[in-house]
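The following exercises concern a structure to be examined alongside its sequence.

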Amino acid sequence: MTGRACQESAPPRLRVDVASLGGQLFTAWSIAAAVMFAAAPYVIAGAPYESTMLLLQKIFYFHVPSWIALGASLSVCGIASALYLFWDSTLADHFAVAGAELAAVFGVCGLATGSLWARKAWGVWWEWDAKLTMTLVLELVLIAYVLVRKYGGPGSEKLAAGMGMFGTVTAPFIYKSVDWWRTVHPKTSVIPTLEPSMYGPFLFCAMAFLLLFTLLLTLRVGLETARARLDRLFLDREA
Amino acid sequence: MIRRASTAVLLLFVALPVLAAQLPTGQPPPGQEGYVPISQLPPSQQLPAAPFVMAAYAFIWVALIAYLWSIWRRMRMLAEEMERLERLAPRGK
């Protein structure tokens, strides 16, 4: 029995309880994310200064979590795109759209904060090195995904799913690019070797971003599901 | 007409390197004689870190709030569409 069929066959009281429990959980989740984001600047201010970059290094506590959230969004987009392409799951398609849009948003955050960091640390706003260039290409793929879904018309779902899978496959190469090629960007060894006094605030910020990511994903999937329902209703009415 | 245009293009290609060679070239800047510590630079040439850190955090906040607002706006539009559909639907259905 599918989840929907199970819900429909459940007594009305149980259905209402499940809905209100979901609503309460969502509210608690939203409050937790808001509190964590509000507390983040204080937590970051308490972290020690890095020896060479001093205050500037504090961008790290929002910059890297943005990329972690992008990684999570991209994983959702890639897996859901594959599920939609090979098993034709409509719900997976809703997750893929939500994942791609969120990945594009977090990507913009990561690129902007990285550019600000680079201006002070490297003296330039942008450097055409392997990691940065590949990341920009990924961001363009994600923006293309969103545009294809918005303006592509009927049938664009399959094309977008292919793009989503392609974009996701590039992520491990971007992550390892700093170890494989000569680049000005710090290596992947930075995070595992963080001091405990820096690791705590970093984990706090990463958790805040992941919490926000799950919240936004839930909202966005809900929006996409409602839109699909509305389209079906319009079609039924016209038929 | 085509012959004249192709002759002009050919002439341009031949003339360009000659013209470029005659352009005055700027002198390269003199070699740096020593490093200057950042603390000895005048304040106008120093790049303080605080504005960059603030700008980075502000950007994240603005971007995420704008995205949340866009989701809220789309939800509201969807609700309006749903209401419109309900109004259009014949009564008793």
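**Exercise 1.** At which residue does α6(A) bend, and by about how many degrees? Determine also whether the span of this helix agrees with its number of residues.

*Solution.* The model is a predicted one, in which local features need pLDDT of at least 70, side-chain atom pairs count only at pLDDT 80 or more, and totals for chains, interfaces and linings use all residues. Residues are numbered from 1 along each chain as its sequence is written, with chains lettered from A and ligands numbered from 1 in the order in which they are written.

Step 1. Helices (H or I, at least four residues) and strands (E, at least two) are DSSP runs, numbered from the N terminus. The bend in α6(A) is about 25 degrees and falls at A:I174, where the bend is the angle between axes fitted to the seven residues ending at a residue and the seven starting there.

Step 2. The expected span is 1.5 Å times one less than the number of residues. For the 25 residues of α6 of chain A (residues 156-180) this gives 36 Å, and the end C-alpha atoms are 36 Å apart, so the two agree.

Step 3. A residue is buried if 20 or more other C-beta atoms, placed from the backbone, lie within 10 Å of its own, exposed if 12 or fewer, and partly exposed in between.

**Exercise 2.** Locate A:L54 and A:D88, and decide whether each is buried or exposed.

*Solution.* Step 1. Most residues other than glycine have a negative phi. A:L54, however, has a positive phi of about 50 degrees, and A:D88 has one near 60 degrees.

Step 1. A:L54 belongs to the loop between α2 (12-46) and α3 (60-87) of chain A; A:D88 is in the loop between α3 and α4 (90-121) of that chain.

Step 2. A:L54 counts as exposed because it has 10 C-beta neighbours inside 10 Å. A:D88 has 11 such neighbours, so it too is exposed.

**Exercise 3.** Which residues does A:D129 touch beyond four places in sequence?

*Solution.* Step 1. A:D129 is placed in the loop between α4 and α5 (130-151) of chain A. Its 16 C-beta neighbours inside 10 Å make it partly exposed.

Step 1. Its contacts are A:T183, A:V184 and A:H185. The C-alpha atoms of A:D129 and A:V184 are 7.2 Å apart, although 55 residues separate the two in sequence.

**Exercise 4.** Describe the contact between the chains and the place of B:A56 in the largest nonpolar core.

*Solution.* Step 1. Chain B has two helices and zero strands, and 5% of its 93 residues count as buried.

Step 1. The contact draws 27 residues from chain A and 21 from chain B. On the chain B side, 19 are nonpolar (Ala, Val, Leu, Ile, Met, Phe, Trp, Tyr, Cys and Pro), two are charged (Asp, Glu, Lys and Arg) and none is polar (the others, Gly among them).

Step 2. A nonpolar core is a set of buried Ala, Val, Leu, Ile, Met, Phe, Trp, Tyr and Cys residues joined through C-beta atoms within 7 Å. The largest has 54 residues, and B:A56 is among those touching the most other members, together with A:I59, A:A96, A:A100 and A:A103. Its largest share, 14 residues, comes from α4(A).

Step 3. Beyond four places in sequence, B:A56 contacts A:I59, A:F62, A:T113, A:L116 and A:W117.

Note on methods:
Contact = placed C-beta atoms within 7 Å.
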